[in-house]
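Reader: Can you walk me through this one? Keep it quick, please.
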Amino acid sequence: MFSIFGCPMHHGVGAPGLKYSLDYLRNRYENLRIAKLPEIIMEEDASTPLKNLNTVAATCQSIAQYMYSVLEIGKTPIFLGGDHSVVMGSASASSVYVKDTFGEDTGLIYIDAHADINTDQTTVTGNIHGVPVSALLGMGNPKLTGFLKEGPKYKPENIVYLGLRDIDPPELTILNEQKILYYTYEEICDKGLDQCLTETIRHLSHLNHIHLSFDIDSMDPDIMPGVSVPVPGGFDEEDVFLMFRRLMNELHILSYDIVEFNQEYDKGNRTADFVSELVDFIEKSGKN
Ligand SMILES: NC(=[NH2+])NCCC[C@H](N)C(=O)O
Ligand SMILES: [Mn+2]
């Protein structure tokens, strides 16, 4: 059984459209009349380049607690953003739950145009949705590395990225230093998506639990314009359904995120409709 819930996080990027985008989905689609966790607004100080740090941290902590309780009652979470900073809450919950319950590590599949692996030392924008993966690795500001439990939540060898096409230079250094497996969109076009999925599946097949985090900006903004940080090129609908179908059939997916839908930039509800269809697809394909 699935539990679908969301958080209209926007303080990780500061795009105002994200504030109402989750409500837009909730009002428009019957399958998305979902539980909603609020952003928890905190007092901020100016001691860090990370914008809205205390607010994002408090909100991620509440996401992590809610998600952990969903996993505890045996449901499969499908979590809707908000900006991608929310993955620090959701993916932390999956990792801590799996460690507490089975004593095992969790894997992370990150489908995104961006690597989101800056730190407070490397970020140019100061937007926290650009740093969550380093936080999950235990790097960067300590306010972002202790959700539910102190310390790293994922090992670099248990992470795979699919579809990167906008990597900041310091992010490339971190990806290579950490020896994280990543497929750029260009490489996927060269090799073929099926081959890259086969390799992804092989790389993660030793894991019994995987968190799948899907950023809509991994898709071509000409097709899916409703995102805050569009990058030219990217996946189409068919690619995304193929990825989800194979990953769901051939790996053990414990939990899902779908993030970064921004209604302000959508055209003719194309992106909104797709979010609803993707949730439907996951629910129908899910074996549980
Ligand atoms: N989840 C996203 N859309 N992330 C975009 C990050 C963009 C850029 N790399 C930054 O650090 O700000
Ligand atoms: Mn992202």
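Reader: Which protein donors does the manganese ion (ligand 2) have?
Author: In this predicted model, they are H84 (ND1), D112 (OD), D116 (OD) and D215 (OD). Donors are N, O and S atoms within 2.8 Å of the metal (3.2 Å for Na, K and Ca); water is not among the atoms, so sites may look incomplete.

Reader: What spacing do the donors follow along the chain?
Author: The spacing is H-x27-D-x3-D-x98-D. H84 sits in the loop between β3 and α3 (87-102), and D112 in the loop between β4 (107-111) and α4 (132-136), so the pair ties together parts 28 residues apart in sequence. Helices (H or I, at least four residues) and strands (E, at least two) are DSSP runs, numbered from the N terminus.

Reader: Is H84 buried or exposed?
Author: Buried, with a relative accessible area of 0%. D112 is buried with 0% as well. Buried means under 20% relative accessible area, exposed over 50%, partly exposed in between (1.4 Å probe, protein chains only).

Reader: New topic. Where is I73?
Author: I73 is in the loop between α2 (53-72) and β3 (76-80). I73 is exposed, at 62% relative accessible area.

Reader: How are the numbers set up?
Author: Residues count from 1 along each chain as its sequence is written, while chains are lettered from A and ligands numbered from 1 in the order written. Local features need pLDDT of at least 70, side-chain atom pairs count only at pLDDT 80 or more, totals for chains, interfaces and linings use all residues, and side-chain values use heavy atoms, leaving out hydrogens and water.
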